[in-house]
Amino acid sequence: MTSPQGRGDSGQAVLALIRDLADLDPLNGAMPSLDRVRIRNAAIRLLEQGSGAAWHITVDRADLRRRGARLTARVAGEVRPAVADRATPFSLSAGLAVGAGLRDLDVTVRRFRPDRFAAGIPELAGLAGVAVPVALAARLDLADDAPPELRLTAEGGPGRMAIAGLYDTPLPVAHVRLRARLTPGLLALDEAALRFAGTDLSLSGRVRAPLSDRPGVSLKGGFTRLSVADLVRYWPAGLAAGGRDWIAENISAGHVTDAALSVAIPRAAWEAAALPADALGLDFGYEGLVTTYIDGLPPAEAISGRGRLTTRDLDLALDTAFIDGRDFAGSHVYLYDFDAPIERARVSLTTDADLDAVLALVDRQPLGYPSEMGIDPAQVSGRAQTRAELAFPLLSDLLIDDVQVVVDADLSDVHLPLMAADGALDDGELSLRVTNTELALEGTGRVRGLPLDLAWHEDFEPAPGEPTTRYDLAGALTGEALAGLGLSVDGAFEGSAPFTARLTGADGGVSAGDVEVELTPASLTLDPLNWAKPVGVPARATARLVLPAAGGVTVERLVLTGWTLDAAGALRLDGDGRVAWATLDHWRSRDQDIAARFGRTRDGAPWLELTGRRIDLRGVLPRGVPDTESRAPNGAADGLPARLDVAVAADRVLVANAMSFIDLTVAAHRDAGLWTVADIGFTAGEGPARVVLSPLPDARRQVRLDAADTGALLRGLGLFANVLGGRLQGKATLRRQAGQTLAEGEVTVRDFRLLRTETLAERIDTGTAGDLSDLVGPDGLRFKRLVLPFRADPTVIDFSKVIANGPRLGVTMEGEVARDMSRLNVNGTLVPLYRLNAILNRIPLVGDFLLGGEGKGLFALNYRISGPMDDPQVSINQLSVLAPGLLRRLMDGPKGRIDDLETAEDAPPPAAQTEQAAHPNAAPPKTSPAEPPSEPQSEPEPPHPSVATPDADAGDPDAPAQGLPADPPGAEPRAAPDTDAPAAAGRGAR
């Protein structure tokens, strides 16, 4: 201490006076009468020996007074650290008890700057960054009956604050207020208030001794409202640094509100490697947050909710959140492992939104899951309740491979186009899970109306050589479901057939599959193959599918077993669904033993080869003579391809009436929807039969038929069962007109018998009331020759001038028969004793007048047969027996026409007819030479190599087909129509 004049002895004297004044023992004191010392304008220099730090104190005034056993002191002045250029004013008051030293101390400091006071003192280095002016008041109580207590009050601001290790960069502080009490082993923080960045932070609590080494801390507080940017700015360094960095990089806007802070650090916690999770707790609200979670995905906006921060994690519960306009309320953000080298995050998103919107969100890069599966979100509809969880490390250079993804969703009313099939899944009720390693979709839905249980599994990390895609399907096939799939069963399938299918492939596509159908609960009726299975009889179908990358489907192995059946084959479908090739390795049933191949030539024309030991055609033989060539506008009426080559070879063919044809061979060519070339040979009954179709000029075609056993042929075809034997030869010319095929020709049958049947005998007896049935006899009625000229259109076969003659009976006939053999209307004359009548017929004038002309007789009956073929009406004019032939002609009646019939109740309705067919008596329209043909025909293409073109002279319609036997010696020449002659007027135009 020195005087203002700088004399050091004055300072020593003042210190001696203070010591004597403090000695309150009057007997031992040097100056027992001294009771007051006043000092003015003193300068004091304090030197801290350990650090060497120095302070300069200027004492403006100091009053020391002794009153009884108590000494009081009041000092006012300024204090300045030696390294500072500015002093801090202070005032001090103190009290000392007699013999006990200092008893209480009050210190008041105005405009105190902690940073200046602590300058140069290592022990106070923590205050070196606190550049906040405060008014400081401190009181020290040293009572005998209580532990010493230091009370401290400070308030001030504004300023800047930097705390080493926590806030290295000075931050602005608007206001500071502090109230604290210090007793041995305890610091009681009654109030600590700090205003910064527009918010008020408050704190209170206890810090237990030792204060300098592992103290126990228990504090509570909070703040009002703080922007996310200021939160990051004022976040203490080193405290959950990963969470702070993630918030800084990913949350671009918003505020933290109503925060409640708690600090609880027991002394033992300092011994651990890391503080416990509840050492720090900050519960807070937030609003208006805008955050990104994965680069490339749209941000989450308008986020509000509550959160909690600890020393180890940050937990955010989202009351509101919107991503790409969709509500994600109920989502969650969790940052954790703050005490680990790499901190981590888990983002849980929850939404109830349209499925296409959710898929569009996760289709964005870097995710892109729907596109990888071949799904276009714009083609999908439905509703999705989605829960998505993203887990990733808090790294500044985060890669998509570092993000762990788990998506769970409940999908309803789903419409989803299918990669593996031509169609879509509708009415889907599904559950979905997507992770980094797999996709799993399970539930129910409909594909083209077929109800399905389905499961789709996608393996993103498959084992080498294993497929990445697997579809498991289960359901039940019904007739309605098959119709929805575009498969018309038309009574062939009834009931229900459970099935299962497993399809495998890669990247959502299908490359192979196995299908199994349990057919036991269903009934099957395959008429073309004459096979049927009732309900309950075991049967099963399996198929192995291959779908190459080039497109299409190959059925490598198709097997059908059960109920007397064993069948196996394969086929290939092109990408457009067209059959490219097919093989039937075998079809073995009770009446079938066949194999077949189907393929296409280089230009796409199909061909078919059929072979077998036994072929059953009973289920496909048509009734009557059907029209298979009258085409609808979109193709052939028979459903066959427009171009086709067919080759057939069979040892035995089962046909109608328990008949079999032997050694059947077929070679046929079809072009532009019409059969143009065919050669069919087989053995029917007692001899061979052959049908040859060959082309003629002007787009006409010619059919030649030869059969050694006419009765067997007709019985086998299901046409007539009461004809025995007979040699049949026929020829017809086919021409096209107005989209229809018209035929004109003649059939001759020699040496056949018409067997007696119950129906024939009954009709003759009833119609004549006589004994004409005796003409038939028990062994039938023998005919020498039948000549049958005919014309045919798509619905009716027209007969004119039909003559049949035998030793006992001659017959003439004209009229019409429906091509489906459902109805007929024919009329003619029965001539008993035909040989006698034939002799009379040769006499000039007598023959014409008495007999009526060729084929008629002196004794003859006019007849008419009309109505349903199965139950016709037979009428015979008995008066015609007595009439001369010339008059009998007048009694014949008009030629029978189908249109003249009254439709029977049980007769099927006639087929729809064209305008010309509706007026069958009209002659065909005349065509002038300048007019083009009614239906131009393209030049037929060459047939498949397996089809043998007949060697008939295509330019001569009357030339005999090569291989057909000529007329036997002595036989009458075969009548052949003039195919080039114009059609006669009337019904014959058909």
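1. Val489 comes out as partly exposed, with a relative accessible area of 24%. Keep in mind that this is a predicted model. Val489 lies in the loop that runs between α7 (479-484) and β28 (493-495). Setting aside neighbours within four places in sequence, Val489 is in contact with Gly479 and Leu482. Leu524 is 35 residues from Val489 in sequence, and the C-alpha atoms of the two are 9.7 Å apart.

2. Now for Val555, which sits in strand β34 (residues 553-562). Val555 counts as buried because its relative accessibility is 9%, and the cut-off for buried is under 20%. Not counting residues up to four places away in sequence, Val555 touches Ala543, Arg544 and Leu545, along with Gly569, Ala570 and Leu571. From Val555 to Leu573 it's 18 residues in sequence and 8.3 Å in space, C-alpha to C-alpha.

3. On the aromatics: a search of the whole structure turns up 7 aromatic pairs. One of them is Trp531 with Trp587, an edge-to-face pair because the planes are at 90°, with ring centres 6.4 Å apart. This pair links distant parts of the chain, with Trp531 in strand β32 (residues 531-533) and Trp587 in strand β36 (residues 579-588), 56 residues apart. Trp531 and Trp587 are both buried.

4. Phe752 and Phe783 make a stacked aromatic pair, 5.3 Å centre to centre with 15° between the planes. Here too distant parts of the chain are linked: Phe752 is in strand β46 (residues 740-754) and Phe783 in strand β47 (residues 781-792), 31 residues apart. Both Phe752 and Phe783 are buried.

Note on methods. Residues are numbered from 1 along each chain as its sequence is written. This is a predicted model: local features need pLDDT of at least 70, side-chain atom pairs count only at pLDDT 80 or more; totals for chains, interfaces and linings use all residues. Side-chain values use heavy atoms; hydrogens and water are left out. Helices (H or I, at least four residues) and strands (E, at least two) are DSSP runs, numbered from the N terminus. Buried means under 20% relative accessible area, exposed over 50%, partly exposed in between (1.4 Å probe, protein chains only). Contact means heavy atoms within 4.5 Å. Rings of Phe, Tyr and Trp (its six-membered ring) pair if their centres lie within 6.5 Å; planes under 30 degrees apart count as stacked, over 60 as edge-to-face and the rest as tilted.
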